[in-house]
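Please keep the structure in view while reading.

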Amino acid sequence: MAKTPNVAAIKSKSPVGKVIGVVILVIIAIILLVKIFNFANTATNEIGLHYGGGIIEDRKFKSVIAPGSTNKRIGPGDQFYVYPIDQRSYIIGGAGADSSADDEVTVVSKDNVRLGVRVQVYFTLNRDQAILQNFHERIGLKTYAFTEKGWHDMLRAYFRPQIDRALAAVATNYNWAELYNNEAKKAQFQTAAAKEFTRLLPAAVGGDYFCGPSYNGNNGCGELSFTIQKPNPMDKGIIDGIEAKQRAELARQAQEQKNQQVNVELQSVKAQVALLGAQGYLLKSAIESGKIQFMVIPQNGNVSIPVPVPSTTPTPR
């Protein structure tokens, strides 16, 4: 004989089961809605790349999402990647450095002196669709450059080695003193280093992915802005030696000025002796120094000359 189900037990458990079932259904519905109604948004300084990612389609590039786009509907499961299009920088050393503030590029001059150089590179990302897509697939996906951390990792991985190579190749054409205190030579060094870096970077990354800071997507790509600060010897004793040499030079110049002044005065004395004679010059010098006093007596004039009065103090006996 079959047992009759415990109706009271079923009634006590059924509300909980219903709640759990409803929660599961809601979660499934939300997931489906997110997959079906997938949206892409970009800020005014961002550009997006839309890739297919659905169950029945290949993971291929589909479109570019323009800057400043809002709620652009993309397909269920599609992927969306965002990159910056405003001016960007890579800075080595100093305030705002992408590494540490005391970081420098080390180069060796023509006369074998090690120099530390701080560098600033300013650029923008090339927005050409084919070039941007190629950058994403070759570099962006590998370094996660569509994230903030990945972007900085990408710059360190691709920019820094080429900056080091460019500066090292060009520095050997100059003596260290030329780079340290000759502005014309320093400007030549910067121009040559920028040209070398511009040549090395596209070869290293595989394309012209980066443009100059004034590029806006509608004008020419332009060259990256590459500037360097004053190269400094790594051995601080060299700077101390320069300063000591400068102090000695200043002292020598000061002594030369004193010698020139003495020589001028000597020539003046010789000229006066030749004109007045030795005794005349001595008398003139004594009068000018106040050691001899004189007065002018007018012709036919009465002059009273004070006569010293003898002392009336009695002489002791």
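A residue is called buried when its relative accessible area is under 20%, exposed when that value is over 50%, and partly exposed in between. By that scale D164, with a relative accessible area of 28%, is partly exposed. The model is a predicted one, and the points below are grouped by topic.

**Overall make-up**
- The chain contains six helices and 12 strands, and buried residues account for 29% of its 317 residues.
- Among the contacts with a separation of 6 or more, 69% are between residues 24 or more positions apart.
- The accessible surface of the chain is about 21,000 Å², and carbon and sulfur atoms contribute 57% of it.

**Helix α2**
- Helix α2 covers residues 129–143, and because its 15 residues at 1.5 Å a residue should span 21 Å, the 20 Å between its end C-alpha atoms agrees with expectation.
- A kink of about 40° is centred on H136 in this helix, and H136 is also one of the buried residues of α2, together with L132, F135, I139, G140 and T143.
- The cover over the buried residues of α2 includes the strands β2 (46–51), β5 (79–84), β9 (119–125) and β10 (210–211), as well as the helices α3 (148–171) and α5 (183–205).

**Helix α3**
- The 24 residues of α3 reach 33 Å from first to last C-alpha, which is close to the 34 Å expected at 1.5 Å a residue.
- A kink of about 30° lies at F159, shortly before the proline P161.

**Salt bridges**
- Side chains of opposite charge can pair when their charged atoms come close, and eight salt bridges are found in the whole structure.
- D153 and R156 are joined by a salt bridge of 2.5 Å, N to O; these two residues are three apart in helix α3 and so are separated by about one helical turn. D153 is partly exposed at 26% relative accessibility, as is R156 at 38%.
- D164 and R160 form another salt bridge, with their closest N and O atoms 3.0 Å apart, and because they are four residues apart in α3, about one helical turn separates them. R160 counts as buried at 15% relative accessibility, whereas D164 is partly exposed.
- In helix α5, E196 and R199 are three residues apart, or about one helical turn, and their side chains meet in a salt bridge of 2.7 Å, N to O. R199 is exposed, at 52%.
- Salt bridges with shared partners link D103, R160 and D164 into one network.

**Nonpolar surface**
- V16, I20, I24, L25 and I28 make a nonpolar surface patch of about 470 Å². Of these, I24 lies in helix α1 (residues 7–36) and is partly exposed, with a relative accessible area of 45%.

Notes: Residues numbered from 1 in each chain as written. Predicted model: local features only at pLDDT ≥ 70, side-chain atom pairs only at ≥ 80, totals over all residues. Heavy atoms only, no water. Patch = residues over 30% accessible without salt bridge, like charges linked within 9 Å, V, L, I, M, F, W, Y side chains within 5 Å. Areas by Shrake-Rupley, 256 points an atom, 1.4 Å probe, with all protein chains shown as cover. Salt bridge = Lys/Arg side-chain N within 4 Å of Asp/Glu carboxyl O. Buried < 20%, exposed > 50% of the residue type's maximum accessible area, 1.4 Å probe, protein only. Contact = heavy atoms within 4.5 Å. Expected span 1.5 Å × (residues − 1). Bend = angle between axes of the 7 residues up to and from the residue.
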